[in-house]
Amino acid sequence: MKHIQKHLFMLIFLLSALPLSAQQAAKAVFQLTTYKKDGTVLAQCHGFFIDANGEAVAPWKPFVGAERAVVTDAKGKKTDVKSLIGANELYDICRFNTQQPSSPVQLASSPLAVGEPVTVLGHNAVSMKVSKAEKFKDYNYYTLSVANDKLYGCPVVNKQGRVVGIYSSTATASATDVAFTNDFKANGLSLNDPVLKASGIRPALPDKPNDALLALFLSSEQGNAAQHEAFTDEFISKFPTSAEGYSQKGSIYLNAQDFANASKVMEEGINKATAKDEAHFNYAKIIYQKVTNFPDSVYPAWNADKAIDEAQKAYQIKPNSLYKHLQAQATMVKKDYDKAYSMFMELTKDTAFKSGELFYEAALCRQQQNAPKEELLTLLDSAVECRPLSFNTAPYVLARAQLLDAMGQYRQALADYNRYDTLTLGRSNDTFYYMRYACELKLRQYQQALNDIAHAIVLNRNVPGYYAEMAQLQLQVKLYDKAIQTADLGLKSFPDSGDLYLIKGLSLIFSGDKQQGLSLLEEAKSHGVAEKADELIKKYK
């Protein structure tokens with residue numbers, strides 16, 4: 001790295017006879033080093049600052065596959081690349097943030113003509129000429145007369161010392177208009193930009209609050225914890241009066257079960273946020289999530305009463321049914337079911353806020369109070385019918401199906417199971433398909449039941465009972481060969497399953513192989529089902 005600094009110092013000395021703007025451009029040049037995830041160097045090139053606050057440009061290719069990047073200026077100062085503002089693959093150019101105060105280049109205001117001289121400010125001031133000049137959009141692209149890979153990413157200046165482009169010699173020597181990067185703006189969807197996603201360095205946070213909020217929410221959903229935390233910290237720094245940044249930071253601490261720091265950041269949000277009601281409500285949500293998601297983690301300062309208190313403070317500042325709803329939920333957590341039920345039902349009178357969730361939660365309260373199943377069914381009917389059926393209403397449909405099933409109303413229950421399966425696009429878990437299988441079995445819809453128990457096995461092959469249930473049903477409907485196959489499949493994973501030995505043994509007996517069947521029944525006795533096996537041996541011997 002020392003040789004790089006030496007060359008940059010020499011460059012500034014050599015430019016002492018050139019215009020002041022060229023000398024300034026030379027000072028703006030840096031070495032860019034990108035690193036892989038394992039910490040090894042991926043690529044090196046040049047770049048230069050174009051903004052006093054540390055925004056810079058460099059070729060894009062060195063960033064592809066990089067997890068980290070560092071710039072080293074002429075004085076040897078190293079600074080991490082913080083975020084990517086934008087990039088273009090075709091013209092191999094990237095604009096990014098370093099947040100290092102810098103002396104930027106001055107951009108040229110007019111294009112060059114073919115034959116005009118230019119200087120590339122690399123390890124030396126290399127003179128060359130424009131061989132070809134082209135337009136793209138409102139910008140300029142130049143083919144130059146000298147190819148030199150060592151100049152990759154260096155500024156190309158005109159005779160006035162102003163920057164006209166960034167140098168590249170991948171195929172032929174060229175310079176792309178740096179003003180093109182003025183079009184690169186971070187926006188709410190930058191996280192989904194396929195070009196920027198090729199790098200592990202995060203996109204920049206947008207300047208507009210709404211766009212920044214969208215970017216913050218997207219980052220929270222993408223599973224990159226380190227990137228999301230960096231976004232959150234930048235959001236708080238950029239928008240210190242917005243309650244949302246503190247809420248996101250509090251959630252990060254919450255998930256790490258660092259409740260003390262979560263408390264500090266949420267209280268900071270209450271002090272600094274403009275919307276005090278939102279800040280108190282966000283704090284109430286964080287506390288409620290701790291109480292419900294981490295009930296065994298000891299932190300006495302946070303409990304359901306504290307969540308209710310913060311939600312009440314939010315409501316006092318600005319009446320909002322959302323704040324009342326959280327109070328009702330926290331009251332239910334306290335097991336004050338009668339009060340919580342009344343609160344949920346009161347909220348259903350607010351037509352703008354009325355939802356299936358309120359009726360569903362009211363039903364949960366009454367269920368805890370051992371209310372009659374008919375009353376629960378009325379509440380769940382209201383939950384299902386409150387809004388048009390959608391993915392969001394699916395849990396209420398399932399709850400009603402289970403209740404109808406328990407009430408012996410199997411046909412209505414099956415209709416709801418089918419409706420739930422449709423609403424969830426057939427993406428339910430094995431437990432659901434087992435529940436529907438059991439309901440279909442009661443209705444003697446054997447083919448549908450076989451399909452569902454088979455689906456349950458596909459989704460979860462680690463439940464021995466599923467194999468036994470399927471093989472038993474196949475035996476019942478006289479699909480003996482299928483029953484034997486299912487039992488064999490189950491025994492490969494669960495060789496100690498006595499039930500599978502019994503079912504396979506019976507299937508062999510009924511299919512005509514009595515001797516082998518009795519042998520398997522005898523084998524079952526050593527796998528925990530001796531009494532059943534003896535009864536069957538006595539019956540079929």
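In these legends, Ala, Val, Leu, Ile, Met, Phe, Trp, Tyr, Cys and Pro count as nonpolar, Asp, Glu, Lys and Arg as charged, and the others, Gly among them, as polar. The model is predicted: local features need pLDDT of at least 70, side-chain atom pairs count only at pLDDT 80 or more, and totals for chains, interfaces and linings use all residues. Residues are numbered from 1 along each chain as its sequence is written, and side-chain values use heavy atoms, with hydrogens and water left out.

**View 1. The largest pocket and its lining.** A pocket here is an open set of points on a 1 Å grid over the protein atoms alone, where a 1.4 Å probe fits, with protein on both sides within 12 Å along at least five of seven lines; lining residues have an atom within 4 Å of a point. The space in the largest pocket is about 470 Å³, taken as the volume filled by probe spheres set on the points. The lining holds 21 residues, with Glu 55, Asn 97, Leu 205, Asp 207 and Lys 238 nearest the centre. Nine of the lining residues are charged, six polar and six nonpolar. β7 (93-97) and α4 (225-238) each give at least two residues to this lining. The largest share, three residues, is from α4. Helices (H or I, at least four residues) and strands (E, at least two) are DSSP runs, numbered from the N terminus.

**View 2. Strand β12 between its partners β11 and β13.** Strands pair if DSSP finds at least two bridges between them. β11 (residues 155-157) runs antiparallel to β12, joined by three bridges. Val 156 has Gly 165 as its bridge partner in β12. Five residues lie between these strands in the hairpin, where Gly 161 takes a positive phi near 85°. On to β13 (residues 174-176): β12 pairs with it antiparallel, over three bridges. Ile 166 stands opposite Thr 176. A hairpin of five residues links β12 to β13.

**View 3. The largest nonpolar core.** Such a core is a set of buried Ala, Val, Leu, Ile, Met, Phe, Trp, Tyr and Cys residues joined through side-chain atoms within 4.5 Å. Helix α13 (residues 394-406) supplies the largest share, eight residues. Apart from this core lies another, of 39 residues, including Ala 28, Trp 60, Val 71 and Ile 93.

Notes:
Buried means under 20% relative accessible area, exposed over 50%, partly exposed in between (1.4 Å probe, protein chains only).
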